[in-house]
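Please look over the structure below. The report starts at the ligand and then turns to the core, the sheets and some individual residues.

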Amino acid sequence: MKPKTGGKIDCDVLVIGAGPIGCTAARFAAKNGAENVLVIEKRQEIGSPVRCAEGVSLSWLEELEIDDLGDAIKWKVKGAKLYSPSGHKMTIGKELAGDEVGAVLERDVFDKEMAVLAAKEGVDFMLKTTAKDVIKENGEVVGVKAENMGEKFEIRAQLVIGADGFESQVGRWGGVYDTLKPSDIMTCFQYRLSNIDFDPEHTHFYLGSVAPGGYLWIFPKGEDKANVGLGLQLSRLDGNKTPKDYLDEFIEDHEEFDKGQAVDMVAGGVCVDHPPDSVITDGLMLVGDASRVVDPITGGGIANGMKQAKIAGEVAAEAVEEGKTDEEFLSRYEKRWRKRLEDKLWRNYLAKEKAMELDDEQFDMIVDALSDQDLDELSTEALLKAVADKHPELVESFKDML
Ligand SMILES: Cc1cc2nc3c(=O)[nH]c(=O)nc-3n(C[C@H](O)[C@H](O)[C@H](O)COP(=O)(O)OP(=O)(O)OC[C@H]3O[C@@H](n4cnc5c(N)ncnc54)[C@H](O)[C@@H]3O)c2cc1C
């Protein structure tokens, strides 16, 4: 099918947003039998501009049935280093370091690659096409009002998937959830710095008041270049000081970065809330950042979102085949993705809430305690147990999580 504007377009599954998650949901819907799958994307180029630190592990590729990421992987690292405010350091191998450590992507190439995989399954794409509102009939979402280069038209679908990212409007139009609280938003700022002198074999994380309520990251993109950025809790922003001010201060204090040159800048938000009660309504499923499945501790959303998107695509194909797209049928999507992801999301949300209360001295004690441990697992539980050995008073308030 080659969708044309003018009048009305009909499809079986309509995906709003050609980020990696929307493309993956579309890919698995088509792969599992949905014939007429359309993705609309408001930007003119998939993946650009990049709003990401581009850190991922590669441990989830097999689950996503991806053989090779080719040029989308820019750099690989051995593991991660964590720094406390006074300079205690802890090194973690990549096999322990979770879903955001292992490789650094070229996000624009990666996103396009995810679109190519979907296109190979027969998915259609319309660029520069913006969803303006959902169309509801008898309370059920049956499509969207869309606009392509000034032309307004309707797209009707048996099932709509909202994959429109952190600022999702589809979720709100569909009445699925409310706006976020400032304490559940990380506000981020990043430079891609070139000509820097640092250890490019690890990703680096700085904790404490360098980024209140969040952390500062250095994700290598080569021997002498890296994404250097930070995310801090929106509700902890101090007066007129912006995330950029915090980052500039860090860079000024670190000679190895201060001589670097920024070749791009990224600003954006990340939701670090717990998973919402529901991500579905009649005729509509939400997926990826639009469904708030970003890891609340790391702020990484690619791995979780793609795992969830595979399930969304599978359920979309089942829904189309059985001709049932009501909330009751779609609850099988809720059940499956929550079984796969929800425990860890909740646990990390609770750990994040506790971590927000820590001061620099406590971060020092934690990193100091961990630096001489030989951890064979990097779960929240393993970390807490390791800290408890040296500083039982520190984990007192986390006791219920153990
Ligand atoms: C500064 C920063 C650093 C980050 N670093 C990492 C990291 O290192 N690792 C990691 O795993 N995650 C990271 N993330 C999070 C990660 O970027 C997201 O989790 C990921 O992009 C989610 O993918 P998505 O497809 O759900 O949404 P997006 O990638 O945001 O894609 C949504 C798409 O929908 C389109 N769209 C929106 N509205 C409409 C509309 N009305 N009509 C049509 N199209 C629409 C948008 O143009 C966009 O292409 C970071 C985020 C930020 C802001």
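## Ligand shell

Sorted by class, the shell around the ligand holds 18 nonpolar, 14 polar and eight charged residues. The model is a predicted one. Of the 40 residues around the ligand, the nearest are Gly17, Gly19, Gly165, Gly288 and Gly301.

Which elements supply at least two residues of the shell each? Two helices are on the list: H1 (20–31) and H6 (302–322). Four strands are there too: S3 (55–56), S9, S12 (185–194) and S16 (261–271).

## Nonpolar core

The largest nonpolar core has 114 residues. Val13, Ala25, Ile161 and Ala316 touch the most other members. H6 provides the largest share of this core, with 11 residues.

Ile161 shows how such contacts are made up. Leaving aside residues up to four places away in sequence, Ile161 touches Val13, Val15 and Ala25, along with Met285, Val287, Ala312 and Ala316.

S12 is one of the strands that supply the ligand shell. Is S12 largely enclosed or largely open? Nine of its 10 residues are buried, so S12 is largely enclosed by the rest of the structure.

S12 pairs with S16 in the antiparallel sense, through 10 bridges. Here Ile185 stands opposite Cys271 of S16. S12 also runs antiparallel to strand S15 (residues 225–233), with nine bridges between them. In this pairing Arg192 has Asn227 of S15 as its bridge partner.

Strand S9 covers residues 129–137, and strand S10 covers residues 140–148. Eight bridges join them, and the pairing is antiparallel. Ala131 stands opposite Ala146 in S10.

Two residues lie between the strands of this hairpin. Asn138 takes a positive phi near 50° there. S9 also supplies at least two residues of the ligand shell.

## A three-stranded sheet

An open sheet of three strands runs in the order S3-S7-S4, with antiparallel pairing. S3 and strand S4 (73–76) stand at the edges. Each has a single partner strand, so one side of each is left without a neighbour in the sheet.

S3 and strand S7 (residues 103–105) are joined by two bridges and run antiparallel. Gly55 has Val104 of S7 as its bridge partner.

## Two partly exposed residues

Gly79 sits in strand S5 (residues 79–83). Is Gly79 buried or partly exposed? Gly79 has 16 C-beta neighbours inside 10 Å, so it counts as partly exposed; a buried residue needs 20 or more. Gly79 and Ala103 are 24 residues apart in sequence, yet their C-alpha atoms are 9.4 Å apart in space.

Lys354 belongs to helix H7 (residues 327–355). Lys354 has 15 other C-beta atoms within 10 Å and is therefore partly exposed. From Lys354 to Val395 the separation is 41 residues in sequence and 9.8 Å in space, C-alpha to C-alpha.

Terms used. Residues numbered from 1 in each chain as written. Predicted model: local features only at pLDDT ≥ 70, side-chain atom pairs only at ≥ 80, totals over all residues. Pairing = 2+ DSSP bridges. Near = placed C-beta within 6 Å. Nonpolar A, V, L, I, M, F, W, Y, C, P; charged D, E, K, R; others polar. Core = buried A, V, L, I, M, F, W, Y, C linked by C-beta atoms within 7 Å. Buried ≥ 20, exposed ≤ 12 C-beta atoms within 10 Å, placed from the backbone. Contact = placed C-beta atoms within 7 Å.
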